[in-house]
Structures are given as structure tokens and as C-alpha cells.
Amino acid sequence: MSARITLHCDRESQYGLCTSQLYTEALTLDQARAAGGQLGWLSHSDGNDYCPTCSGAPQPRRTNVVHLAPKDQP
Ligand SMILES: [Zn+2]
């Protein structure tokens, strides 16, 4: 019996069903969702999980490069 838990994004949009998945090494669903939450995943109380893009996170962390350029230079 596998202890690995995968979160699936269940968001349907006009472009079709989102197929984003997040593989975790969590032992419980709560742990998996906690790990996902750190990456921008959102777990709804209805049992669905949404990837950073679909959850509408202000800063989706799907990129490997993060630029920290200051917005307001004097
Ligand atoms: Zn998604």
C-alpha cells in the first residue's frame, strides 16, 4: 500500500480540465495538502484541490526562476 499522496487539480475551465498534479511524500492527505499549500495549492472544503494557477494565487510558484526586482526605485 502506497503512502504517497498525489494532489490533483480538478478545475474545469473553458479550455478543458486542468491536469496539474502535485506528487508528495506525505503520509496523510492533511500532510499532502499542507505541503501543497506551501507551493500555492489550495484545498477547498468541498474536497477538491486546485493548483497555484487555478487557485488564483497572487504569485503562482510554478516557475523555477524568481526575480525580486524592486518595483519602486527612487
Ligand atoms: Zn489547475
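This is a predicted model: local features need pLDDT of at least 70, side-chain atom pairs count only at pLDDT 80 or more; totals for chains, interfaces and linings use all residues.
Helices and strands are DSSP runs, numbered from the N terminus. By that numbering, Asp10 is found in the loop between S1 and S2.

Leaving aside neighbours within four places in sequence, Asp10 is in contact with Asn48 and Asp49. Gln21 is eleven residues from Asp10 in sequence, and the C-alpha atoms of the two are 9.4 Å apart in space.

Strand S1, residues 5-8, has the highest confidence, at a mean pLDDT of 92. Strand S2, residues 12-13, has the lowest, at a mean of 79. Over the chain, pLDDT averages 79, and 72% of the residues score at least 70.

The overall plan of the chain comes next. The secondary structure comes to one helix and six strands.

Is Ala35 buried or partly exposed? Ala35 counts as partly exposed because 17 C-beta neighbours lie inside 10 Å. Not counting residues up to four places away in sequence, Ala35 touches Thr24 and Ala26. Tyr23 lies twelve residues from Ala35 along the chain, with 9.8 Å between their C-alpha atoms.

Buried positions are the next topic. The chain has 74 residues, of which 12% count as buried. In soluble globular proteins, nonpolar side chains tend to be buried together. In this model the largest nonpolar core has six residues, namely Leu7, Cys9, Ala32, Trp41, Tyr50 and Cys51.

One member of this core, Trp41, can be followed through its contacts. Not counting residues up to four places away in sequence, Trp41 touches Leu7, Leu22, Gly36, Asp49, Tyr50, Cys51, Pro52 and Ser55. Among these partners, Leu7, Tyr50 and Cys51 also belong to the core. Asp49 is a contact of Trp41 and also of Asp10, which leads back to the loop between S1 and S2.

A last figure concerns contacts across the chain. Among contacts between residues at least 6 apart in sequence, 29% join residues at least 24 apart. The contact between Trp41 and Leu7 and the contact between Asp10 and Asn48 are examples of residues brought together from separate parts of the sequence.

How values were computed: Residues are numbered from 1 along each chain as its sequence is written. A nonpolar core is a set of buried Ala, Val, Leu, Ile, Met, Phe, Trp, Tyr and Cys residues joined through C-beta atoms within 7 Å. A residue is buried if 20 or more other C-beta atoms lie within 10 Å of its own, exposed if 12 or fewer, and partly exposed in between; C-beta atoms are placed from the backbone. Two residues are in contact if their C-beta atoms, placed from the backbone, lie within 7 Å. pLDDT is the predictor's confidence in each residue, from 0 to 100. Helices (H or I, at least four residues) and strands (E, at least two) are DSSP runs, numbered from the N terminus.
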